[in-house]
Amino acid sequence: MIEDTKTWGCPLDEDLGAALTGDFLARHAADVEDAIRKAAATEILPRFRRLADHEIDQKSGPHDLVTDADRLAERHLTGVLAALLPGSVVVGEEAVHADPTTYEAIRGDAPVWIIDPVDGTRQFVHGDPGFCTLVALAHRGVLLASWTYVPVPDRLATAVRGRGAFLDGERLRAGSPAAGRELRIATSHPDYTTDEQKRALLGLWADGVAPRACGSAGLEYLAVARGELDATAFSWEAAWDHAAGLLLVEEAGGAHRTLTGEPFRITGGNALPFTAARDAATADRVRELLSDGG
């Protein structure tokens with residue numbers, strides 16, 4: 001464990017981003033991976049397909065669920081990750097639900113861990129293995145590293161800014177869609193969109209495009225990074241859903257665009273919907289379709 005910021009070579013008032021992607025991750029990437037696997041092994045997997053009714057709650061409505069697995073896995077990760085990097089802060093989905101003001105840390109000067117303990121809680125509750133754990137490390141709005149852990153069947157995707165994306169140690173390359181084939185796009189469910197966003201998403205119902213409703217956002221980003229899905233089109237900004245996946249897609253060679261053509265910012269204020277795609281040309285095409293729909 002790190003005793004103070006000088007242990008990994010850079011005090012907080014120097015070039016912290018470079019230090020985090022250098023000395024810190026070189027020393028502690030395996031520790032982060034271990035923490036994620038342990039959180040899943042102790043808090044998530046023992047409850048998979050074994051959840052009791054009292055372990056499931058609603059947040060904003062019947063489609064927005066939280067379980068004891070979410071809460072306890074986030075608590076586990078929060079303690080370990082904050083201790084690994086003294087001076088860092090944690091923004092976790094369940095902590096923000098309890099106290100929305102904690103989300104502001106994403107816009108602050110401290111390194112921030114962004115956590116979604118169970119991305120795809122609805123699937124998890126229904127016994128579907130389409131869920132994952134998402135962790136990202138950012139500083140001043142810049143994504144530096146990410147981890148996408150798929151407990152079933154035990155797969156880990158990682159990315160470090162400027163150093164590539166990997167799945168179980170093998171390099172990920174998103175590539176480009178095959179010429180003449182329909183674009184496969186995962187989109188926000190209409191229940192989670194405003195009327196204006198619905199109109200924009202309708203632009204995807206066009207010749208040469210095959211849209212479908214998304215599942216776990218983290219798994220959709222992984223599919224883009226692997227070249228199995230051509231793009232996403234999402235209408236919400238919650239950083240815990242997007243941070244890990246956006247860096248994974250970028251480092252696999254992909255790109256992301258908001259409705260105004262700018263890259264998505266985890267600090268917020270984005271023009272929505274936005275897209276992440278296998279390459280820049282596809283991102284631009286999807287953005288144009290969304291603009292036409294709006």
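Visitor: What are the ground rules for the numbering and for the values?
Guide: Residues are numbered from 1 along each chain as its sequence is written, and side-chain values use heavy atoms, with hydrogens and water left out. As the model is predicted, local features need pLDDT of at least 70 and side-chain atom pairs count only at pLDDT 80 or more, while totals for chains, interfaces and linings use all residues.

Visitor: In what order do the seven strands of the open sheet run?
Guide: Helices (H or I, at least four residues) and strands (E, at least two) are DSSP runs numbered from the N terminus. Two strands pair if DSSP finds at least two bridges between them. The pairing here is mixed, and the order is E3-E4-E5-E6-E7-E8-E9.

Visitor: Which residue in E6 is the bridge partner of Thr133?
Guide: Strand E5 (residues 132-139) and strand E6 (residues 142-150) pair in the antiparallel sense over seven bridges. In E6, the partner of Thr133 is Tyr149.

Visitor: What angle does the direction of helix H1 make with that of E6?
Guide: Contact means heavy atoms within 4.5 Å. Axes are lines fitted to C-alpha atoms, for helices over the stretch in contact, and angles run from 0 to 180 degrees between N-to-C directions. Helix H1 (residues 16-44) packs on the sheet, touching strand E4 (112-119), E5, E6 and strand E7 (155-160). Its direction makes with that of E6 an angle of about 25°.

Visitor: How are H1 and H2 oriented to each other?
Guide: The axes of H1 and H2 are 9 Å apart, and the helices pack at an angle of about 160°. Angles under 35 degrees count as roughly parallel, over 145 as roughly antiparallel, 65 to 115 as roughly perpendicular and the rest as oblique. H1 and H2 are therefore roughly antiparallel.
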